Amino acid sequence: RAARTPPEPHVSGQAVAQVPGSAAIYSHKGVELTNDNTVDCHGSLRRSNLGLMGGVAIQRSNFEDQFSEAQTFPNDAFSFNILGAGKTRTGISSNAVDWTILSYFGRAMYNIRDKYLFTVTGRADGSSRVAINNKWAVFPSAAFAWRAIDEGFMKDRTVFSDLKFRLSYGITGNQAINEYQSLARLGTVFVPVGKVMKDSGLKFD
């Protein structure tokens, strides 16, 4: 739809009085979607148990905002509804942010007589925030636990109600960087008329 420019307010036959002050409009819209899907499988063999889990998750966020401000109006009858009537436009800005992360993950758990517990997990994350050559990363981990309280030599020990030792190792990571930080971005620079920006460090390459 074509934009319509509001008519300049005027009073026929006499000067228009200017009302000092300012009016502004700010609006924003944000949407964040999260979807997780998992599948579990369990089985037993004699005195041991095996559990498998796999899944996929996606999270997407979108945010947009706009801001406009003007000053010096012919009157205050229209409040902030006709910013174009202001004599001075003091602020116009807009912004949009969009990012997505996709994850695949899995876990295998194996225990023998509920005494020896083995766990292996893995996760692969792909994020739009990081650089193009590093969009994906894998984070594995493994753990072993021993329920010593169930051993024969602990049966007559009453000092402990439960005793388990656990050893684990894994790699973690996060995407805690600003959106578009890995990309070259455009900016606006205002240069006063009659002056020239200079760089005394320029040289031949």
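**Exercise 1. Strand pairing**

In which sense do strand β2 and strand β3 pair, and over how many bridges?

*Solution.* Note the source: this is a predicted model.

Step 1. The protein has 0 helices and 6 strands. Along the sequence they read β-β-β-β-β-β.

Step 2. Locate the two strands. β2 covers residues 48-73, and β3 covers residues 88-112.

Step 3. Read the pairing. The two strands are antiparallel, with 24 bridges between them.

**Exercise 2. The next strand along**

*Solution.* 

Step 1. Strand β4 spans residues 116-127. β3 and β4 run antiparallel and are joined by 12 bridges.

Step 2. Pick a pair to check on screen. Gly 106 sits opposite Gly 122 in β4.

Step 3. Go to the hairpin. It leaves 3 residues between the strands β3 and β4. Arg 113 is found in this loop.

**Exercise 3. Salt bridges across the chain**

How many salt bridges are counted? Describe three of them, with the parts they link.

*Solution.* 

Step 1. The count is 4 salt bridges.

Step 2. Take Asp 98 with Arg 60. Their closest N and O atoms are 3.6 Å apart. Asp 98 is in strand β3 and Arg 60 in strand β2, so this pair ties parts 38 residues apart in sequence. Asp 98 is partly exposed at 24% relative accessible area. Arg 60 is partly exposed too, at 46%.

Step 3. Take Arg 129 with Glu 179. Here the closest N and O atoms are 3.0 Å apart. Arg 129 lies in the loop between β4 and β5, and Glu 179 in the segment after β6 (165-170), so the bridge ties parts 50 residues apart in sequence. Buried means under 20% relative accessible area. Arg 129, at 13%, therefore counts as buried. Glu 179, at 23%, counts as partly exposed.

Step 4. Take Asp 162 with Arg 147. The closest N and O atoms are 3.4 Å apart. Both residues lie in the loop between β5 and β6, 15 residues apart. Asp 162 is partly exposed at 42%. Arg 147 is partly exposed at 23%.

Step 5. Of its 205 residues, 19% count as buried.

**Exercise 4. The largest pocket**

Which elements give two or more residues to the lining of the largest pocket?

*Solution.* 

Step 1. Size the pocket. Its volume is about 320 Å³.

Step 2. Count the lining. There are 22 lining residues. Arg 123, Asp 125, Ala 137, Phe 139 and Gly 173 lie nearest the centre.

Step 3. Assign elements. β3, β4 and β5 (136-146) each give two or more residues to the lining. The largest share comes from β4, with 5 residues.

**Exercise 5. A surface patch and a contact in space**

Which residues form the nonpolar surface patch?

*Solution.* 

Step 1. The patch consists of Leu 50, Leu 52, Tyr 110, Phe 118 and Phe 144. Together they have about 420 Å² of accessible area.

Step 2. Look at one member. Leu 52 belongs to strand β2. Its relative accessible area is 40%, so it is partly exposed.

Step 3. Move to Pro 140, in strand β5. At 38% relative accessible area, Pro 140 is partly exposed.

Step 4. Compare sequence and space. Pro 140 and Arg 107 are 33 residues apart in sequence. Their C-alpha atoms are 9.8 Å apart.

Conventions. Residues numbered from 1 in each chain as written. Predicted model: local features only at pLDDT ≥ 70, side-chain atom pairs only at ≥ 80, totals over all residues. Heavy atoms only, no water. Pairing = 2+ DSSP bridges. Helix = DSSP H or I, 4+ residues; strand = E, 2+ residues; numbered from the N terminus. Patch = residues over 30% accessible without salt bridge, like charges linked within 9 Å, V, L, I, M, F, W, Y side chains within 5 Å. Areas by Shrake-Rupley, 256 points an atom, 1.4 Å probe, with all protein chains shown as cover. Salt bridge = Lys/Arg side-chain N within 4 Å of Asp/Glu carboxyl O. Buried < 20%, exposed > 50% of the residue type's maximum accessible area, 1.4 Å probe, protein only. 1 Å grid on protein atoms, 1.4 Å probe; cavity = no way out; pocket = protein on both sides within 12 Å on 5 of 7 lines; lining within 4 Å. Points joined across faces, edges and corners; volume = space filled by probe spheres on them.
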